[in-house]
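I opened this notebook to keep track of what I looked up, one topic at a time.

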Amino acid sequence: MSQYKNILVAVECGQDAKQVLNKAATFVANSDDNNEVKLNIVHVVLDLIVADWAGSPGQIPPPLDQEALAQSGADYLKPHIEEAGLDPNELIMCFGPPAQTILKQADNLDCDLIIAGSHSRHGLEVLLGSTAHKILNLANCDVLLIRCPKDKK
C-alpha cells in the first residue's frame with residue numbers, strides 16, 4: 001500500500017475532534033523519516049442564518065461576526081491539536097458549506113487522503129445526507145472516515 005503524503009484532516013468543534021486528530025497523528029508517527037507526511041487541518045465555519053430573528057417583518061437580521069466565530073473555533077481546536085502531538089499552526093479556517101468547502105480545499109491542496117469523522121445515521125438523516133457521506137462520494141482522493149459516536153441529547 002502506498003504511503004499518503006498530503007492529508008486533509010477535517011475537524012469540527014466537538015468531542016469528535018480528538019478521535020479524528022489522534023487518527024491523523026498515527027499517519028505522521030508511522031511515516032518513514034524520508035517520507036514526511038503533510039497534514040492540513042481544516043475547520044469550516046458555517047454560513048449561519050439567524051433562524052429566530054424577532055425583528056419587524058421585512059427587517060433583516062444583524063450580520064454575524066464570522067471572524068469572531070472562526071477565532072472561537074480556532075481557540076477551541078488548537079489545544080486538541082497540540083494534545084494529539086500535531087502543529088496547531090497547520091489549522092486552516094474556512095467559511096462555507098462544510099462538504100463542498102472540504103472537497104475544494106482537498107483539491108486546492110492536492111491532497112491524496114481526507115480524514116473526517118462520521119456519525120451513525122438513521123431515518124431522515126440518511127435521506128438528507130451528511131457531510132461525511134458527501135465527502136465520501138464526491139472526493140477526488142481516498143477518504144478515511146473515523147466512526148464517532150453521535151452526541152446524546
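Predicted model: local features only at pLDDT ≥ 70, side-chain atom pairs only at ≥ 80, totals over all residues.

Entry 1, aromatic rings. I looked for ring pairs and the count came to one aromatic pair. I noted the partners as Tyr 4 and Phe 27, with ring centres 6.2 Å apart and planes at 65°. Planes over 60 degrees apart count as edge-to-face, so I put this pair down as edge-to-face. Next I asked where the two residues sit in the chain. Tyr 4 lies in the segment before strand 1 (6-10), and Phe 27 in helix 1 (residues 16-29). The pair therefore ties together parts that are 23 residues apart in sequence. I also checked burial, and both Tyr 4 and Phe 27 are buried.

Is His 80 buried or exposed? I found a relative accessible area of 14% for His 80. The cut-off for buried is under 20%, so I listed His 80 as buried. I located His 80 in helix 2 (residues 66-83). Leaving out residues up to four places away in sequence, I found that His 80 touches Lys 18 and Leu 21.

Which residues of helix 3 (residues 98-108) are buried? I wrote down Ala 99, Thr 101, Ile 102, Leu 103, Gln 105 and Ala 106. I then looked at what covers these buried residues, and the cover includes strand 1, strand 2 (38-45), strand 3 (91-95), strand 4 (113-118) and helix 5 (131-138). Last, I checked the backbone just after helix 3, where Asp 110 takes a positive phi of about 55°.

How values were computed:
Residues numbered from 1 in each chain as written. Heavy atoms only, no water. Phe/Tyr/Trp six-rings, centres within 6.5 Å; stacked < 30°, edge-to-face > 60°. Helix = DSSP H or I, 4+ residues; strand = E, 2+ residues; numbered from the N terminus. Buried < 20%, exposed > 50% of the residue type's maximum accessible area, 1.4 Å probe, protein only. Contact = heavy atoms within 4.5 Å.
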